[in-house]
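My entries follow the model below.

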Amino acid sequence: MSISKNLENLKNKLPQHVTLVAVSKTKPVSDIITAYNAGQRIFGENKVQEMVQKWETLPKDIEWHMIGHLQRNKVKYISPFVSLIHGVDSLRLLKEINKQGQKINRAIPCLLQMHIAQEQTKFGFSLEELKELIETDILSQLPFANIKGLMGMATFTNNTNQVTQEFKQLKASLPLIKPYLKNLPILSMGMSGDYSIAIAQGSNMVRIGSSIFGARNT
Ligand SMILES: *Cc1c(COP(=O)(O)O)cnc(C)c1O
């Protein structure tokens with residue numbers, strides 16, 4: 001299957017209110033151009049250097065989403081152009097994003113990443129940590145880190161019941177951050193293997209790579 005056919009099939013399956021982030025990590029610029037020519041404008045990357053290089057090369061109306069774990073010392077490289085940082089998983093990172101945003105007078109759109117999976121390896125806030133963040137009202141003091149919603153990754157498993165429960169849990173945390181949002185909250189959940197479950201549980205943004213671009217080697 002070709003990239004443009006894959007995209008078309010996928011878009012036919014996604015409800016109108018669900019935003020598609022085409023995850024182009026590890027894929028060449030030529031693949032992104034193919035998707036771009038098929039109408040896709042939002043792309044997701046998980047490495048800062050790769051994203052910066054692609055941003056420099058490709059049309060400027062592309063929206064770049066950072067979906068991976070972001071190190072604090074690298075925020076400055078993407079702060080001028082990144083459209084959404086999905087993986088904000090610590091207060092220290094939030095503070096750095098705020099600092100870099102302030103420098104260039106740009107409120108940087110962010111999602112707080114919640115730890116919903118059973119795997120130890122997936123980053124994110126626990127529900128307790130999110131509650132603490134809200135109770136201390138620290139977000140109000142970080143106006144250049146513009147919180148737009150929540151993001152989460154479910155456990156990589158065939159157990160659809162477990163995945164359903166994890167997405168449900170993420171959706172249930174959304175009201176906690178509503179006081180900080182100006183618009184409807186973004187709920188970024190769902191990848192190639194589990195996006196249908198995620199959408200059924202209220203996702204309005206899916207991050208899909210291999211179903212569009214094919215399997216990755218790395
Ligand atoms: C790679 C990645 C995706 C896309 O995964 P696919 O299974 O290829 O759709 C989505 N979200 C995050 C955070 C990723 O790192």
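This is a predicted model: local features need pLDDT of at least 70, side-chain atom pairs count only at pLDDT 80 or more; totals for chains, interfaces and linings use all residues.

Residues are numbered from 1 along each chain as its sequence is written, and side-chain values use heavy atoms, with hydrogens and water left out.

**Entry: salt bridges**

I noted the general idea: side chains of opposite charge can pair when their charged atoms come close. A salt bridge here needs a side-chain nitrogen of Lys or Arg within 4 Å of a carboxyl oxygen of Asp or Glu. I found 4 salt bridges in the structure.

I looked up Glu96 and found its partner, Lys99, with their closest N and O atoms 3.9 Å apart. Both residues lie in helix α5 (residues 91–103), and because they are 3 residues apart, about one helical turn separates them. For cover, I used these terms: buried is under 20% relative accessible area, exposed is over 50%, and partly exposed is in between (1.4 Å probe, protein chains only). Glu96 is buried at 15%, whereas Lys99 is partly exposed at 45%.

Next I checked Glu50, which meets Lys54 in a salt bridge (2.8 Å, N to O). They are 4 residues apart in helix α3, so about one helical turn lies between them. Lys54 has 5% relative accessibility, so I wrote it down as buried. Glu45 joins Glu50 and Lys54 in a network of salt bridges.

Then I turned to Asp61 and Arg41, whose side chains form a salt bridge (3.2 Å, N to O). This pair links distant parts of the chain, 20 residues apart: Asp61 is in the loop between α3 (48–57) and β3 (63–66), and Arg41 is in the loop between α2 (29–37) and β2 (42–45). Asp61 is partly exposed at 42%. Arg41 is partly exposed at 30%.

**Entry: helix α6**

Which residues of α6 are buried? I listed Leu130, Leu133 and Ile134. The face turned away from the buried side carries the exposed residues Glu128, Glu132 and Glu135. Glu128 counts as exposed because its relative accessibility is 55%.

Methods:
Helices (H or I, at least four residues) and strands (E, at least two) are DSSP runs, numbered from the N terminus.
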